[in-house]
Amino acid sequence: MSYDTNNIFAKILRGEIPCHKVYENEHTLAFMDVMPQADGHMLVIPKSPARNLLDADPTALGALLATVQRVAQAARQAFGAEGVLIQQFNEPAAGQTVFHLHFHVLPRSAGVGLRPHTGKMADNAVLAGHAAKVRAALGA
Ligand code: AMP
């Protein structure tokens, strides 16, 4: 399976469609998931093309994981979460629906269930507010 340059996250990286940006550096971008399974659900992607973890350049993974860690720490603080779930799916059989490598970052607290994967689209204003909370925790 090859990388499709027209996938939705490639379009976000090219600025062709909007996102609620949380953090960006030279190699990575973090933004809010539009169908959040938990308040503060974010996605972290590399700027370099990769379909998923299976074909990714290993040299891109250090920067990617560093951003995952950074936004996970900020999300825990911003949402007062007790923990943070990191998820990453490879190929449709494993649940992948967008074919540009991404890590899910989900703030979690005991007794608060997850909403369905690719479930309901969240309100734009709510996502904007959540992105602002995480950016504030990042000191951005
Ligand atoms: P996965 O099953 O790991 O490929 O998940 C893809 C994720 O991308 C899902 O959680 C979707 O809610 C999310 N998603 C799809 N389109 C967008 C978009 N335009 N902006 C932000 N998140 C998106």
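Reply: Two strands are said to pair if DSSP finds at least two bridges between them. The strands themselves are DSSP runs of type E with at least two residues, helices are runs of type H or I with at least four residues, and both are numbered from the N terminus. The model is predicted, so local features need pLDDT of at least 70 and side-chain atom pairs count only at pLDDT 80 or more, while totals for chains, interfaces and linings use all residues. Residues are numbered from 1 along each chain as its sequence is written, and side-chain values use heavy atoms, with hydrogens and water left out.

The sheet is open and consists of 5 strands in the order 1-2-3-5-4, with antiparallel pairing. Strand 1 (21–24) and strand 4 (83–87) stand at the edges; each has a single partner strand, so one side of each has no neighbour in the sheet. On average, neighbouring strands of this sheet are turned by 20° against each other, direction ignored. Such angles are taken between axes, which are lines fitted to C-alpha atoms (for helices over the stretch in contact); in general they run from 0 to 180 degrees between N-to-C directions.

With strand 2 it pairs in the antiparallel sense over 5 bridges, and F31 has L43 in strand 3 as its bridge partner. With strand 5 (residues 103–108), strand 3 is joined by 3 bridges and again runs antiparallel; here the bridge partner of V44 is F103.

How well is strand 3 covered? It is mostly covered, since 5 of its 5 residues are buried. Buried means under 20% relative accessible area, exposed means over 50%, and partly exposed lies in between (1.4 Å probe, protein chains only). In a regular strand the side chains alternate between the two faces of the sheet. Both faces of strand 3 are covered, with M42, V44 and P46 buried on one side and L43 and I45 buried on the other.

Helix 3 (residues 124–138) lies across strand 1, strand 2 (28–32) and strand 3, and runs at about 35° to strand 1. Within helix 3, H130 counts as buried because its relative accessibility is 14%. Contact means heavy atoms within 4.5 Å. Leaving aside neighbours within four places in sequence, H130 is in contact with M32, D39, G40 and F79. F79 also has K133 over its face, at 4.6 Å from the ring centre; a charge sits over a ring if NZ of Lys or CZ of Arg is within 6 Å of the ring centre and within 35 degrees of the ring normal.

A nonpolar core is a set of buried Ala, Val, Leu, Ile, Met, Phe, Trp, Tyr and Cys residues joined through side-chain atoms within 4.5 Å. The largest such core has 23 residues, of which V22, M42, V44, V71, V105, V134 and L138 touch the most other members. Strand 1, strand 2, strand 3, helix 2 (61–79), strand 5 and helix 3 each give two or more residues to this core, and helix 2 gives the most, with 8 residues. L138 touches V22, Y23, R70, V71 and A74, not counting residues up to four places away in sequence.

F9 is buried because its relative accessibility is 6%, and F31 is buried at 2%.

Not counting residues up to four places away in sequence, G83 touches L106, P107 and R108.
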